[in-house]
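Trainee: I would like to go through the terms used for this structure and ask what stands behind each label.

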Amino acid sequence: MKEKILNYTVETDVTDINCDLQNATVIIAEAADGIFRVEYPHCDDISIGNGENSIFIAQRKRGLFFQAAKKIVISVPAHTVPSVKINGKNCALEIAEGIYGQLCINADGANINLCDCALESVEITGGEVNARVHGATVKGTLLVQAERGNLLVENAFAKRAECRIKKGNIGLVNLNCKDCAFDTRKGNINAAITGAEEKFNTTIVTREGTANRASAKRDGADGAFQAYADRGNIMLEFIEEKENA
């Protein structure tokens with residue numbers, strides 16, 4: 001039998017989205033019809049409510065037997081810039097397009113995908129976290145702190161990026177960021193940073209691994225790149241921006 005889908009709409013502008021999840025997949029995207037809407041399966045373990053400018057989505061703990069993750073789709077009107085806060089376990093989050101305020105995620109067993117969106121700031125913390133940031137703009141700080149997992153950042157901008165993963169890899173492809181700090185206890189750091197090498201001071205330290213370049217302090221440099229790998233390798237390259245012809 002096909003699962004029945006319910007719609008929860010909010011007529012006022014929502015500036016805060018709050019989720020407490022136990023086993024769910026959340027997709028946040030722009031609303032084509034300009035109406036704030038939550039689509040969710042008809043079940044007794046999901047409850048939704050809203051205040052004047054906020055919405056709350058809560059999911060109770062699943063039972064003893066395995067259940068498939070519940071899919072929740074949140075459609076956000078383009079004229080609003082809501083902040084998003086998620087506490088979760090065994091959950092997935094996808095934000096596809098749109099402009100958002102602060103994004104705060106605390107989760108264990110999470111898969112996060114931020115694609116072609118703009119955010120005021122991003123804070124991801126938790127136990128096991130796998131995150132991909134692709135084509136995104138973070139006006140403030142991109143912060144990731146996890147016990148284990150992997151981070152991949154591709155074709156993105158952040159004013160500041162700070163990532164600490166105890167056990168896992170950090171990959172950066174065409175990251176435009178002048179203030180970077182990355183740390184992994186057991187894993188590799190592979191970084192391709194947008195900008196000229198002479199514009200960055202670099203601090204590169206690996207205790208049981210190899211690095212393709214040494215730390216360097218350069219006169220007049222206004223960028224900073226720091227990387228530490230306790231048991232892992234560090235590879236750093238710089239991609240100089242091409243001037244328009």
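Mentor: Start with burial: a residue is buried under 20% relative accessible area, exposed over 50% and partly exposed in between, with a 1.4 Å probe and protein chains only. The model is predicted, with local features needing pLDDT of at least 70 and side-chain atom pairs pLDDT 80 or more, while totals for chains, interfaces and linings use all residues. Residues are numbered from 1 along each chain as its sequence is written, and side-chain values use heavy atoms, leaving out hydrogens and water.

Trainee: Why is Ser75 called buried?

Mentor: Its relative accessibility is 11%, so Ser75 counts as buried. Ser75 is found in strand β7, a strand being a DSSP run of E with at least two residues, numbered from the N terminus. Contact means heavy atoms within 4.5 Å. Leaving out residues up to four places away in sequence, Ser75 touches Ala29, Ala31, Ile35, Phe36, Arg37 and Glu39.

Trainee: What makes β4 and β7 a pair?

Mentor: Two strands pair if DSSP finds at least two bridges between them. Strands β4 and β7 (residues 70-76) have three, in the antiparallel sense, and Val38 stands opposite Ile74 in β7. Strand β1 (residues 5-10) is also antiparallel to β4, joined to it by six bridges. There Thr9 stands opposite Arg37 in β4.

Trainee: How do you know that β4 is mostly covered?

Mentor: Strand β4 covers residues 36-41, and five of its six residues are buried.

Trainee: Why is Lys166 called partly exposed?

Mentor: Lys166 has 47% relative accessibility, so it counts as partly exposed. Its place is in strand β11 (residues 137-167). Beyond neighbours within four places in sequence, Lys166 is in contact with Ala146, Glu147, Thr184, Arg185 and Lys186.

Trainee: What makes Arg148 and Glu128 a salt bridge?

Mentor: The definition asks for a side-chain nitrogen of Lys or Arg within 4 Å of a carboxyl oxygen of Asp or Glu. In this pair the N to O distance is 3.9 Å. Arg148 lies in strand β11 and Glu128 in strand β10 (residues 118-134), so the bridge ties together parts that are 20 residues apart in sequence. Arg148, at 36% relative accessibility, counts as partly exposed, as does Glu128 at 35%. By the distance rule the model has 15 salt bridges.

Trainee: Which residues form salt bridges with Glu197?

Mentor: One is Arg213, with the closest N and O atoms 2.7 Å apart. That pair links distant parts of the chain, 16 residues apart: Glu197 in the loop between β14 (189-194) and β15 (200-206), Arg213 in the loop between β15 and β16 (223-231). Another is Arg218, at 3.1 Å, N to O. Arg218 is also in the loop between β15 and β16, 21 residues from Glu197. With relative accessibility of 31%, Glu197 counts as partly exposed; Arg218, at 22%, is partly exposed too.

Trainee: Which residues are linked in a network of salt bridges?

Mentor: Arg160, Glu162, Arg164 and Asp179 are linked in one.

Trainee: How many cavities of 30 Å³ or more are there?

Mentor: Two. A cavity is a set of points on a 1 Å grid over the protein atoms alone where a 1.4 Å probe fits but cannot get out, and lining residues have an atom within 4 Å of a point. Its volume is the space filled by probe spheres set on the points, which are joined across faces, edges and corners.

Trainee: How many residues of each class are in the lining of the second largest cavity?

Mentor: Eight are nonpolar, one is polar and none is charged. Here Ala, Val, Leu, Ile, Met, Phe, Trp, Tyr, Cys and Pro count as nonpolar, Asp, Glu, Lys and Arg as charged, and the others, Gly among them, as polar.

Technical notes. Helices (H or I, at least four residues) and strands (E, at least two) are DSSP runs, numbered from the N terminus. On a 1 Å grid over the protein atoms alone, a cavity is a set of points where a 1.4 Å probe fits but cannot get out, and a pocket is an open set with protein on both sides within 12 Å along at least five of seven lines; lining residues have an atom within 4 Å of a point.
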